[in-house]
Amino acid sequence: MALFELTIDDKPYTVDTDPSKPLLWVLREDLNQTQAKFGCGAGLCGACTVYVDDNLVRACAYPIATAAGKKITTISGLDDELAQKLKAAWLKYDVPQCGYCQPGFVLGAHKLLKKTAPDQTPNLNEVTNLCRCGTYDRIRQAVLDVHGQASQGS
């Protein structure tokens, strides 16, 4: 066991846990932060996606010792203008079905749009999250809508 200082969605936390414990389980079990979901447990599906500093990570495969001292952002703490537009587009296009994978998808789309210039087409294949409900077409529509808003300067 070891003590770790974490900043999650701009709030400080201290956790005494096994250094190899995945960030996802620290969030869910130790801190009752359930925004990131458990999906595959192997870092493949993306249901557990969070930002650590400015990088997307699969929290189910990311040891807490690696996250210590860094800024962790979940879907609850993602509230910049781009995130607000994405969340509105998610509703506009009725993206969520069961909703389980959606926090990770929104974070993946956020990262993709942050790095895509307004005059470029976002490479939607870079968001490798999985959705069991098959809402990919609606996700694409929502992401392209938000990208189009940025391209038009709104």
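1. Basis. The model is predicted, so local features need pLDDT of at least 70 and side-chain atom pairs count only at pLDDT 80 or more, while totals for chains, interfaces and linings use all residues. Residues are numbered from 1 along each chain as its sequence is written, and side-chain values use heavy atoms, with hydrogens and water left out.

2. Main core. A nonpolar core here is a set of buried Ala, Val, Leu, Ile, Met, Phe, Trp, Tyr and Cys residues joined through side-chain atoms within 4.5 Å. Buried means under 20% relative accessible area, exposed over 50%, and partly exposed in between (1.4 Å probe, protein chains only). The largest such core has 22 residues, and L78, L86, W90, F105 and V143 touch the most other members. Two or more residues each come from α3 (81-92), α4 (102-115) and α5 (136-151); α4 gives the largest share, six residues. Helices (H or I, at least four residues) and strands (E, at least two) are DSSP runs, numbered from the N terminus.

3. Leaving aside residues up to four places away in sequence, W90 touches V95, P96, Q102, F105, V106, A109, I139, A142 and V143; contact means heavy atoms within 4.5 Å. Another core, of 20 residues, lies apart from the largest one and includes F4, V15, L24 and I72.

4. Helix α4. Eleven of the 14 residues of α4 are buried, so this helix is largely enclosed by the rest of the structure. Among the buried ones are F105, H110 and L113. The buried residues of α4 pack against β3 (49-52), β4 (55-58), β5 (71-73), α3 and α5.

5. Strand β3. T49 and Y51 on one side of β3 and V50 and V52 on the other are all buried, so both faces are covered. Strands pair if DSSP finds at least two bridges between them. β3 pairs antiparallel with β4 over four bridges, and V50 stands opposite V57. Two residues separate the strands of this hairpin, where D53 takes a positive phi near 55 degrees. β3 also pairs antiparallel with β5, over two bridges, with T73 as the bridge partner of Y51.

6. P118. This residue is in the loop between α4 and α5. P118 is partly exposed, at 46% relative accessible area. Beyond residues up to four places away in sequence, P118 touches H147, A150 and S151.
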